[in-house]
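Hello,

Here is the structure I promised to pass on. My notes follow below it; please read them alongside the model.

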Amino acid sequence: MTELLTAAQMQAIEQAAIASGEVTGLELMERAGQGVVEAIFEEWPELAQPVESGRGASPSRSPEYLGKDDAPRRAVVLCGPGNNGGDGFVVARLLKERGWAVEVFLYGEPEKLPPDAKVNYERWRESDAVRPLCEEVIDAGEDADLAVDAVFGTGLTRPFLDHGEVQSELNLWQAASRRGAAPRVVAVDMPSGACADSGLYLGYAGENPFDSAVMANFTVSFHRAKLGQFLSDGAVACGKVVVKDIGLVDRDSPAVPGEVVTLAAPSAGGKAFGHKYSHGHALLLSGGHGRTGAARLAARGALRIGAGLVTVGSPRSAMMENAYQLTAIMLRQIDGPNELDQLLEDRRINAVCLGPGLGLGAETQMLVMSVLKQERGTVLDADALTQFEQNPGVLFEALHGNCVITPHGGEFARLFPDLDEKLNAPATTGPAYSKVDATREAAKRAGCVVLFKGPDTVIAAPNGCCSVNSAHYQRSAPWLATAGSGDVLAGFIIGLMARGLSPMQAAETAAYLHVECALNFGPGLIAEDLPEQIPTVLRRLDIP
Ligand SMILES: NC(=O)C1=CN([C@@H]2O[C@H](COP(=O)(O)OP(=O)(O)OC[C@H]3O[C@@H](n4cnc5c(N)ncnc54)[C@H](OP(=O)(O)O)[C@@H]3O)[C@@H](O)[C@H]2O)[C@@H](O)CC1
Ligand SMILES: [K+]
């Protein structure tokens, strides 16, 4: 797991390091600039070669060593009024030392730069010019190899909408550079205009920022990745994230309330010992005739992920339909809450999942209430959540600490309309309200683990523990957006809860494996394929 920091957490770490006397702000800025330059050449080694000769130039060559036919590489560096701009001046200087021709533009007034940025501004000014940020950037960038966006990083407090033409141009460059037709765009810490906590572009009410805002091919961050690089638009806008060490040490332990982690491959959850009952017994309730597929998908997920026994509880109307299509999964007829109560007298059934395909109506509400009374491991999804749209408080009162609810955006809005409104209100000030903030508040209110789905799935517990399961960057799996994929996820969670994982662990592990299954299968995936990837994925991750 890797921690994701907010801007405030990053600033606190930086301040503590400076206060302890270990390092100065200026040293950190120098390391940050060095990190960016290093990352650029690691990402694009060809940029270490001069333009025409292509004959073995090294990144440390200075201009006098260029061959007679060689032309220097060119960069435009856009610096802002804070320390992000300060990093930009360092990058400019270091590129120039490597023989590059660099043009620097500043957004803001030099006299107002913070001290460390000012020092680096002045160092650059000793030998070169700084022009005010203006449309000339576009001309300067025409034959450049690289554009460095160091206008705003973690300190963005309000919309950055000035110089729209320049921003649009950077937006175009990042797309065209993939064909070699424009400079590549490197963002320092964040693409400027996007909030480092929420990933939202400030001030883009009703407008798609991807059409005109600064986007990057590649973003270089420092010490730890930032939340905004994994949430919402930020996870697209950054292009790719590389984190460079700048010598800061972690003082707090990870995963304490307040910190957020990105999920990594689980190591726990082996099924090496025990018989089928020691791996639990999961019950999944099916909808009526014609609405049974979702529960079977979830049941298949629960079985594949290792629940010892899995039973589908089906109303009489759907018994035949279910019976025709189930083999290793058992089938029990359950008509209404009384029969469910009777079945749950069997204490070996330790985990129950309701919602997929269940349908809406009074009976669904009674079934949910009946299960919640039992305080067993419970996953509520889909209709079991939508059913409470009119009275979410009734649900929250009944939910307990052994539950996981798994809303997608629409279901989240039905249960938590005020949080949804805050999350979707146009973001105008930074740090903006994020999906992490919303999910944490929701978990507190619901009194159980909330897994808020999406390519940036956020999982939060009532005590504030929180993680992000990102399906972006190298884990991008757009084909996971397919009918029934959420049902399988619910099944994975209940299967792991049946096996004794805590609700938070089960939700995190299931979410991670769900994306791994999609990646393992690749394009063309349908929900039925997901559980079938589990054996390969477990083997690959060395989970017995
Ligand atoms: N923390 C660390 O450990 C390290 C941090 N480092 C680097 O520092 C960066 C953070 O620096 P930072 O805090 O100075 O913030 P930054 O993003 O440069 O902007 C702040 C300035 O912009 C202004 N401003 C804001 N929005 C605006 C707008 N829309 N339009 C106009 N102005 C606006 C804002 O004004 P204010 O809100 O105060 O009025 C303030 O003046 C970080 O991303 C990383 O690159 C590294 O050097 C190494 C270690
Ligand atoms: K930036």
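**What was found**

Asp-542 sits in the segment after helix 20 (529–540); helices (H or I, at least four residues) and strands (E, at least two) are DSSP runs, numbered from the N terminus. Asp-542 is not a glycine, yet its phi is positive, about 60°. Asp-542 counts as exposed because it has 9 other C-beta atoms within 10 Å. The cut-offs are 20 or more other C-beta atoms within 10 Å for buried, 12 or fewer for exposed, and partly exposed in between, with C-beta atoms placed from the backbone.

The ground rules come next. This is a predicted model: local features need pLDDT of at least 70, side-chain atom pairs count only at pLDDT 80 or more, and totals for chains, interfaces and linings use all residues. Residues are numbered from 1 along each chain as its sequence is written, while chains are lettered from A and ligands numbered from 1 in the order in which they are written.

**Confidence**

The mean pLDDT (the predictor's confidence in each residue, from 0 to 100) is 93 for the protein, and 93% of its residues reach 70 or more. Residues 54–60 stay under 50, and the model gives them ten contacts beyond four places in sequence. Residues 253–257 are also below 50, with nine contacts beyond near neighbours in sequence. A contact means that two C-beta atoms, placed from the backbone, lie within 7 Å. Where pLDDT is low, the predicted coordinates should not be read in detail. For the complex, the predictor gives an ipTM of 0.98 and a pTM of 0.94.

**Domains**

The assignment gives domain 1 (7–49 + 70–251) and domain 2 (276–540); such bounds come from an automatic or database domain assignment. Their C-alpha centres lie 40 Å apart. The contact takes 19 residues from domain 1 and 17 residues from domain 2. On the domain 1 side, twelve are nonpolar, four polar and three charged. Here Ala, Val, Leu, Ile, Met, Phe, Trp, Tyr, Cys and Pro count as nonpolar, Asp, Glu, Lys and Arg as charged, and the others, Gly among them, as polar.

Ligand 1 has 28 residues around it, of which Glu-14, Gly-82, Asn-83, Gly-153 and Gly-155 come nearest; a residue is near if its C-beta atom, placed from the backbone, lies within 6 Å. The shell divides into 13 nonpolar, eleven polar and four charged residues. Helix 1 (7–19), helix 2 (25–43) and helix 3 each supply at least two residues. Helix 3 gives the most, with five.

Is helix 3 enclosed or open? Of its 15 residues, 13 are buried, so helix 3 is largely enclosed by the rest of the structure.

**Single residues**

- Ile-13 is in helix 1. Ile-13 is partly exposed, with 19 other C-beta atoms within 10 Å. Leaving out residues up to four places away in sequence, Ile-13 touches His-223 and Leu-248.
- His-163 lies in the loop between strand 5 (146–150) and helix 6 (164–176). His-163 is buried, with 21 other C-beta atoms within 10 Å. Its phi is positive, near 55°.
- Ile-349 is in strand 14 (residues 349–354). Ile-349 counts as buried, with 21 C-beta neighbours inside 10 Å.
- Gly-430 and Pro-431 are joined by a cis peptide bond, with omega about -5°. Pro-431 lies in the loop between helix 16 (417–424) and helix 17 (435–446).

Best wishes
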